[in-house]
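Dear colleague,

Please find the structure below.

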Amino acid sequence: MTLQEFKENCAQIQREYTEKITSAADVASVEELRVAALGRKGALTELLKNLKDFSIEDKKTAGPLGNALKNTLTQAIEEKTAALQTKELNEQLNRVDLDLTLPARPVPCGKRHPLSVAQKRMTDILSKLGFTWAEGPWVEDEKHNFDMLNIPKHHPARDAQDTFFAQTGSPVSMVLRTHTSNVQSRYMEKHQPPLRIMAPGRVFRNDSLDATHSPVFHQIEGLYVDKNVSMADLKRDLSAFMKGLLGDKTEIRFRPSFFPFTEPSAEVDVKCVFCAGKGCPVCKGSGWIEMLGAGVVHPNVLKNCGIDPEKYSGYAFGMGVERLAMMMMNINDIRAFYENDLRLLNQF
Ligand code: DAH
(Lines give C-alpha, C1' and ligand atoms only; values in the text may rest on other atoms or scores of the structure.)
Protein backbone atom coordinates (compact mmCIF):
# COMPACT_ATOMS: atom_id res chain seq x y z
CA MET A 1 0.00 0.00 0.00
CA THR A 2 1.26 3.41 -0.86
CA LEU A 3 1.22 6.38 1.45
CA GLN A 4 -1.33 8.02 -0.82
CA GLU A 5 -3.64 4.98 -0.63
CA PHE A 6 -3.22 4.96 3.15
CA LYS A 7 -4.27 8.62 3.34
CA GLU A 8 -7.30 7.97 1.12
CA ASN A 9 -8.33 5.01 3.23
CA CYS A 10 -8.05 7.13 6.35
CA ALA A 11 -10.23 9.79 4.82
CA GLN A 12 -12.72 7.17 3.69
CA ILE A 13 -12.94 5.58 7.20
CA GLN A 14 -13.29 8.99 8.81
CA ARG A 15 -16.12 9.99 6.50
CA GLU A 16 -17.97 6.68 6.76
CA TYR A 17 -17.77 6.25 10.54
CA THR A 18 -18.31 9.89 11.47
CA GLU A 19 -21.52 9.81 9.52
CA LYS A 20 -22.64 6.45 10.96
CA ILE A 21 -21.85 7.51 14.53
CA THR A 22 -23.72 10.77 14.10
CA SER A 23 -26.85 9.03 12.90
CA ALA A 24 -26.72 6.06 15.34
CA ALA A 25 -30.06 5.66 17.12
CA ASP A 26 -29.05 3.87 20.33
CA VAL A 27 -26.13 2.94 22.59
CA ALA A 28 -26.01 -0.64 21.22
CA SER A 29 -25.51 0.54 17.61
CA VAL A 30 -22.69 2.87 18.68
CA GLU A 31 -21.01 -0.09 20.36
CA GLU A 32 -21.34 -2.10 17.13
CA LEU A 33 -19.68 0.78 15.24
CA ARG A 34 -16.85 0.90 17.76
CA VAL A 35 -16.15 -2.80 17.22
CA ALA A 36 -16.39 -2.37 13.41
CA ALA A 37 -13.90 0.53 13.36
CA LEU A 38 -11.60 0.08 16.34
CA GLY A 39 -12.06 -3.55 17.42
CA ARG A 40 -9.36 -6.20 16.93
CA LYS A 41 -10.57 -6.85 13.35
CA GLY A 42 -11.94 -3.33 12.84
CA ALA A 43 -11.44 -1.27 9.66
CA LEU A 44 -8.96 1.19 11.16
CA THR A 45 -7.10 -1.54 13.08
CA GLU A 46 -6.67 -3.49 9.81
CA LEU A 47 -5.51 -0.36 7.98
CA LEU A 48 -2.91 0.45 10.65
CA LYS A 49 -1.36 -3.01 10.16
CA ASN A 50 0.06 -1.68 6.85
CA LEU A 51 2.27 0.80 8.74
CA LYS A 52 4.92 -1.83 9.43
CA ASP A 53 5.68 -2.11 5.68
CA PHE A 54 6.20 1.66 5.21
CA SER A 55 9.56 3.37 4.94
CA ILE A 56 10.73 5.33 7.97
CA GLU A 57 10.02 8.54 6.12
CA ASP A 58 6.42 7.48 5.24
CA LYS A 59 5.83 6.22 8.78
CA LYS A 60 6.48 9.75 10.04
CA THR A 61 3.45 10.96 8.08
CA ALA A 62 1.24 7.86 8.23
CA GLY A 63 1.72 7.09 11.96
CA PRO A 64 0.43 10.40 13.39
CA LEU A 65 -2.34 10.43 10.80
CA GLY A 66 -3.58 6.99 11.88
CA ASN A 67 -3.32 7.89 15.59
CA ALA A 68 -5.17 11.15 15.10
CA LEU A 69 -7.99 9.32 13.35
CA LYS A 70 -8.15 6.73 16.13
CA ASN A 71 -8.47 9.52 18.71
CA THR A 72 -11.09 11.34 16.69
CA LEU A 73 -13.25 8.24 16.34
CA THR A 74 -12.82 7.26 20.00
CA GLN A 75 -13.89 10.70 21.11
CA ALA A 76 -16.87 10.78 18.74
CA ILE A 77 -18.00 7.37 20.06
CA GLU A 78 -17.70 8.43 23.70
CA GLU A 79 -19.60 11.66 23.16
CA LYS A 80 -22.35 9.94 21.20
CA THR A 81 -22.69 7.20 23.84
CA ALA A 82 -22.98 9.75 26.63
CA ALA A 83 -25.56 11.76 24.70
CA LEU A 84 -27.63 8.66 23.93
CA GLN A 85 -27.47 7.48 27.57
CA THR A 86 -28.82 10.81 28.80
CA LYS A 87 -31.52 10.71 26.16
CA GLU A 88 -32.53 7.15 27.06
CA LEU A 89 -32.63 8.00 30.78
CA ASN A 90 -34.81 11.02 30.13
CA GLU A 91 -37.16 8.96 28.01
CA GLN A 92 -37.36 6.34 30.74
CA LEU A 93 -38.11 8.99 33.38
CA ASN A 94 -40.80 10.44 31.17
CA ARG A 95 -42.37 7.02 30.62
CA VAL A 96 -42.87 6.21 34.37
CA ASP A 97 -45.29 8.53 36.06
CA LEU A 98 -42.85 9.91 38.60
CA ASP A 99 -43.54 12.99 40.67
CA LEU A 100 -40.41 13.78 42.64
CA THR A 101 -42.16 16.59 44.48
CA LEU A 102 -44.59 14.22 46.27
CA PRO A 103 -43.92 13.96 50.04
CA ALA A 104 -42.58 10.54 51.16
CA ARG A 105 -44.98 8.03 52.70
CA PRO A 106 -44.59 8.04 56.51
CA VAL A 107 -42.66 5.04 57.86
CA PRO A 108 -44.70 3.28 60.57
CA CYS A 109 -42.68 3.65 63.74
CA GLY A 110 -43.00 2.04 67.18
CA LYS A 111 -42.46 3.91 70.41
CA ARG A 112 -41.75 3.27 74.06
CA HIS A 113 -44.55 1.84 76.18
CA PRO A 114 -45.89 4.39 78.71
CA LEU A 115 -44.69 2.20 81.58
CA SER A 116 -41.19 2.20 80.12
CA VAL A 117 -41.39 5.96 79.65
CA ALA A 118 -42.39 6.37 83.29
CA GLN A 119 -39.74 3.96 84.56
CA LYS A 120 -37.07 5.68 82.50
CA ARG A 121 -38.00 9.10 83.89
CA MET A 122 -37.73 7.72 87.41
CA THR A 123 -34.42 5.93 86.91
CA ASP A 124 -32.98 8.97 85.08
CA ILE A 125 -33.66 11.12 88.13
CA LEU A 126 -32.32 8.49 90.52
CA SER A 127 -29.15 8.09 88.51
CA LYS A 128 -28.62 11.86 88.75
CA LEU A 129 -28.92 11.39 92.51
CA GLY A 130 -26.09 8.86 92.34
CA PHE A 131 -27.97 5.56 92.24
CA THR A 132 -26.56 2.84 90.03
CA TRP A 133 -28.52 0.06 88.32
CA ALA A 134 -28.98 -3.33 90.00
CA GLU A 135 -31.15 -6.34 89.19
CA GLY A 136 -32.34 -9.57 90.77
CA PRO A 137 -34.18 -12.72 89.67
CA TRP A 138 -37.95 -12.97 89.23
CA VAL A 139 -38.00 -16.55 90.47
CA GLU A 140 -36.47 -16.18 93.91
CA ASP A 141 -35.83 -18.36 96.96
CA GLU A 142 -37.66 -17.54 100.18
CA LYS A 143 -34.34 -16.74 101.80
CA HIS A 144 -33.70 -13.67 99.63
CA ASN A 145 -37.33 -12.61 99.21
CA PHE A 146 -38.24 -12.97 102.92
CA ASP A 147 -35.76 -14.40 105.47
CA MET A 148 -32.82 -12.09 104.90
CA LEU A 149 -35.20 -9.12 104.87
CA ASN A 150 -36.24 -9.91 108.43
CA ILE A 151 -39.68 -11.13 107.34
CA PRO A 152 -40.43 -13.93 109.80
CA LYS A 153 -41.84 -17.31 108.78
CA HIS A 154 -45.33 -16.56 110.13
CA HIS A 155 -45.56 -13.10 108.56
CA PRO A 156 -48.80 -12.57 106.63
CA ALA A 157 -46.88 -11.27 103.59
CA ARG A 158 -45.80 -14.86 102.96
CA ASP A 159 -49.37 -16.07 102.87
CA ALA A 160 -50.41 -18.11 99.88
CA GLN A 161 -52.96 -15.36 99.37
CA ASP A 162 -50.22 -12.92 98.40
CA THR A 163 -47.35 -15.02 97.19
CA PHE A 164 -47.07 -17.13 94.05
CA PHE A 165 -45.11 -20.24 94.94
CA ALA A 166 -43.11 -21.65 92.06
CA GLN A 167 -42.69 -25.36 91.37
CA THR A 168 -39.12 -25.52 90.16
CA GLY A 169 -38.01 -28.96 91.38
CA SER A 170 -35.48 -27.16 93.58
CA PRO A 171 -35.15 -28.53 97.15
CA VAL A 172 -35.61 -24.99 98.54
CA SER A 173 -38.97 -23.29 98.33
CA MET A 174 -39.10 -20.84 95.43
CA VAL A 175 -41.50 -17.94 94.89
CA LEU A 176 -42.12 -15.31 92.24
CA ARG A 177 -40.60 -12.30 93.97
CA THR A 178 -43.28 -10.29 95.72
CA HIS A 179 -41.18 -7.08 95.70
CA THR A 180 -37.92 -5.73 94.36
CA SER A 181 -36.57 -5.75 97.93
CA ASN A 182 -35.01 -9.14 97.08
CA VAL A 183 -32.36 -7.09 95.25
CA GLN A 184 -31.37 -5.61 98.63
CA SER A 185 -30.40 -9.04 99.95
CA ARG A 186 -28.88 -10.09 96.61
CA TYR A 187 -26.76 -6.94 96.38
CA MET A 188 -25.67 -6.55 99.99
CA GLU A 189 -24.51 -10.16 100.34
CA LYS A 190 -22.03 -9.44 97.53
CA HIS A 191 -21.10 -5.77 98.16
CA GLN A 192 -19.87 -3.87 101.21
CA PRO A 193 -20.82 -0.20 101.76
CA PRO A 194 -20.72 2.49 100.58
CA LEU A 195 -23.46 1.45 98.16
CA ARG A 196 -26.28 3.29 96.45
CA ILE A 197 -28.47 1.28 94.06
CA MET A 198 -31.79 1.42 92.26
CA ALA A 199 -33.46 -1.83 91.23
CA PRO A 200 -36.35 -1.51 88.80
CA GLY A 201 -38.26 -4.62 87.83
CA ARG A 202 -41.29 -6.85 87.64
CA VAL A 203 -42.96 -8.22 90.76
CA PHE A 204 -45.78 -10.70 91.28
CA ARG A 205 -48.65 -10.97 93.75
CA ASN A 206 -51.64 -13.20 93.92
CA ASP A 207 -54.12 -10.34 93.51
CA SER A 208 -57.01 -10.27 91.10
CA LEU A 209 -56.97 -7.71 88.36
CA ASP A 210 -59.03 -4.57 88.94
CA ALA A 211 -58.66 -0.83 88.34
CA THR A 212 -55.85 -0.49 90.89
CA HIS A 213 -54.40 -4.02 91.23
CA SER A 214 -52.58 -6.33 88.90
CA PRO A 215 -50.95 -9.70 89.67
CA VAL A 216 -47.89 -8.52 87.75
CA PHE A 217 -46.61 -5.00 88.22
CA HIS A 218 -43.38 -3.04 88.56
CA GLN A 219 -41.43 -1.51 91.39
CA ILE A 220 -38.25 0.45 91.81
CA GLU A 221 -36.23 -0.30 94.90
CA GLY A 222 -33.74 2.21 96.26
CA LEU A 223 -30.99 1.42 98.75
CA TYR A 224 -28.25 3.58 100.23
CA VAL A 225 -25.84 2.25 102.85
CA ASP A 226 -22.86 4.11 104.23
CA LYS A 227 -21.62 5.52 107.53
CA ASN A 228 -24.19 7.71 109.35
CA VAL A 229 -27.05 7.42 106.87
CA SER A 230 -30.28 8.56 108.50
CA MET A 231 -33.93 9.32 107.95
CA ALA A 232 -32.87 12.90 107.10
CA ASP A 233 -30.93 11.64 104.07
CA LEU A 234 -33.98 9.65 103.00
CA LYS A 235 -36.25 12.66 103.24
CA ARG A 236 -33.84 14.90 101.36
CA ASP A 237 -33.37 12.42 98.51
CA LEU A 238 -37.04 11.45 98.16
CA SER A 239 -38.01 15.11 98.19
CA ALA A 240 -35.51 15.82 95.39
CA PHE A 241 -36.75 12.77 93.51
CA MET A 242 -40.43 13.76 93.69
CA LYS A 243 -39.68 17.36 92.72
CA GLY A 244 -37.75 16.07 89.72
CA LEU A 245 -40.61 13.81 88.74
CA LEU A 246 -43.69 15.91 89.43
CA GLY A 247 -42.38 19.50 89.51
CA ASP A 248 -40.51 21.89 91.76
CA LYS A 249 -43.51 22.72 93.91
CA THR A 250 -44.09 19.07 94.90
CA GLU A 251 -44.33 18.49 98.63
CA ILE A 252 -43.96 15.18 100.45
CA ARG A 253 -44.80 14.01 103.95
CA PHE A 254 -43.77 10.98 105.98
CA ARG A 255 -46.32 8.93 107.90
CA PRO A 256 -45.12 6.39 110.47
CA SER A 257 -45.63 2.85 109.21
CA PHE A 258 -44.29 -0.64 109.56
CA PHE A 259 -42.14 -2.84 107.35
CA PRO A 260 -40.13 -5.75 108.78
CA PHE A 261 -36.99 -4.68 106.88
CA THR A 262 -36.91 -1.04 108.06
CA GLU A 263 -36.90 0.61 111.47
CA PRO A 264 -38.21 3.25 111.65
CA SER A 265 -40.52 2.83 108.67
CA ALA A 266 -42.57 5.39 106.84
CA GLU A 267 -45.12 5.68 104.15
CA VAL A 268 -44.45 8.64 101.92
CA ASP A 269 -47.28 10.77 100.57
CA VAL A 270 -47.14 13.41 97.87
CA LYS A 271 -49.34 16.48 97.97
CA CYS A 272 -52.08 15.76 95.44
CA VAL A 273 -51.00 17.07 92.05
CA PHE A 274 -54.59 17.21 90.84
CA CYS A 275 -55.98 19.59 93.49
CA ALA A 276 -52.77 21.03 95.02
CA GLY A 277 -53.80 19.61 98.39
CA LYS A 278 -57.29 21.05 98.51
CA GLY A 279 -58.98 17.66 98.36
CA CYS A 280 -60.46 15.99 95.26
CA PRO A 281 -61.77 12.58 94.14
CA VAL A 282 -58.27 11.34 93.20
CA CYS A 283 -56.88 11.92 96.72
CA LYS A 284 -60.28 11.04 98.22
CA GLY A 285 -60.51 14.47 99.80
CA SER A 286 -57.35 14.13 101.90
CA GLY A 287 -55.09 16.32 99.76
CA TRP A 288 -52.32 13.66 99.82
CA ILE A 289 -51.60 10.56 97.76
CA GLU A 290 -49.66 7.60 99.13
CA MET A 291 -46.65 6.93 96.93
CA LEU A 292 -44.14 4.56 98.47
CA GLY A 293 -42.78 2.74 101.46
CA ALA A 294 -39.42 3.54 102.95
CA GLY A 295 -37.34 3.58 106.10
CA VAL A 296 -34.00 3.06 107.78
CA VAL A 297 -32.65 -0.39 106.97
CA HIS A 298 -33.21 -2.75 109.92
CA PRO A 299 -29.92 -3.78 111.61
CA ASN A 300 -30.97 -7.42 111.22
CA VAL A 301 -31.07 -7.01 107.42
CA LEU A 302 -27.53 -5.60 107.37
CA LYS A 303 -26.37 -8.40 109.67
CA ASN A 304 -28.04 -11.07 107.51
CA CYS A 305 -26.11 -9.75 104.53
CA GLY A 306 -22.75 -9.65 106.31
CA ILE A 307 -22.64 -5.88 106.87
CA ASP A 308 -21.75 -4.59 110.35
CA PRO A 309 -24.73 -2.55 111.67
CA GLU A 310 -22.46 -0.96 114.31
CA LYS A 311 -20.41 0.61 111.54
CA TYR A 312 -22.96 1.25 108.84
CA SER A 313 -26.55 2.34 108.43
CA GLY A 314 -28.76 2.86 105.43
CA TYR A 315 -32.09 3.80 104.05
CA ALA A 316 -34.32 1.93 101.59
CA PHE A 317 -37.47 2.64 99.66
CA GLY A 318 -39.75 0.79 97.29
CA MET A 319 -42.26 2.35 94.95
CA GLY A 320 -44.79 1.13 92.42
CA VAL A 321 -44.05 2.23 88.87
CA GLU A 322 -47.68 1.85 87.75
CA ARG A 323 -48.95 4.02 90.58
CA LEU A 324 -46.53 6.83 89.77
CA ALA A 325 -47.13 6.43 86.03
CA MET A 326 -50.89 6.73 86.59
CA MET A 327 -50.28 9.99 88.45
CA MET A 328 -47.87 11.35 85.86
CA MET A 329 -50.02 10.45 82.87
CA ASN A 330 -53.45 10.91 84.37
CA ILE A 331 -54.48 7.30 83.74
CA ASN A 332 -57.07 6.01 86.18
CA ASP A 333 -57.14 2.28 85.39
CA ILE A 334 -54.02 0.12 85.77
CA ARG A 335 -55.37 -2.34 83.19
CA ALA A 336 -54.79 0.28 80.49
CA PHE A 337 -51.06 -0.49 80.74
CA TYR A 338 -51.48 -4.16 79.88
CA GLU A 339 -54.24 -4.11 77.28
CA ASN A 340 -51.94 -2.40 74.78
CA ASP A 341 -54.71 -0.64 72.93
CA LEU A 342 -52.90 1.47 70.34
CA ARG A 343 -55.43 4.27 70.76
CA LEU A 344 -54.12 4.68 74.31
CA LEU A 345 -50.44 3.87 73.67
CA ASN A 346 -50.20 6.41 70.85
CA GLN A 347 -51.08 9.20 73.25
CA PHE A 348 -47.73 8.90 75.05
N1 DAH B 1 -41.19 -3.96 99.66
C2 DAH B 1 -42.27 -3.08 100.00
C3 DAH B 1 -43.52 -3.49 99.24
O4 DAH B 1 -43.43 -4.26 98.36
C5 DAH B 1 -41.96 -1.67 99.66
C6 DAH B 1 -40.88 -1.15 100.53
C7 DAH B 1 -41.15 -0.55 101.72
C8 DAH B 1 -39.57 -1.25 100.12
C9 DAH B 1 -40.16 -0.05 102.52
C10 DAH B 1 -38.55 -0.77 100.93
C11 DAH B 1 -38.87 -0.16 102.13
O12 DAH B 1 -37.27 -0.85 100.57
O13 DAH B 1 -37.86 0.35 102.90
O14 DAH B 1 -44.58 -3.01 99.54
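**Ligand site and pockets**

A nitrogen atom of the ligand is placed 3.0 Å from an N or O atom in the side chain of His179, a polar contact (a pair of N or O atoms within 3.5 Å). A polar side-chain atom of Ser181 likewise lies 3.0 Å from a ligand nitrogen atom, and for Gln184 a side-chain N or O atom is 3.1 Å from an oxygen atom of the ligand. Alone, the ligand exposes 350 Å², of which the protein buries 90% (Shrake-Rupley method, 1.4 Å probe).

The model is predicted: local features need pLDDT of at least 70 and side-chain atom pairs pLDDT 80 or more, whereas totals for chains, interfaces and linings use all residues. Residues are numbered from 1 along each chain as its sequence is written, and side-chain values use heavy atoms, without hydrogens and water.

Around the ligand are 15 residues (a heavy atom within 4 Å), and His179, Ser181, Arg205, Gln219 and Glu221 come nearest.

The ligand takes up the space of the largest pocket (more than half of its atoms lie within 2 Å of the grid points). A pocket is an open set of points on a 1 Å grid over the protein atoms alone, where a 1.4 Å probe fits, with protein on both sides within 12 Å along at least five of seven lines; lining residues have an atom within 4 Å of a point. The volume of the largest pocket is about 1,400 Å³. Its lining has 48 residues, with Arg205, Glu290, Met291, Gly320 and Arg323 nearest the centre.

The second largest pocket holds about 220 Å³ and is lined by 14 residues, among them Gln119 and His218.

Kind regards

How values were computed
Polar contact = N/O pair within 3.5 Å; in protein donor to acceptor, adjacent residues only side chain to side chain. Points joined across faces, edges and corners; volume = space filled by probe spheres on them.
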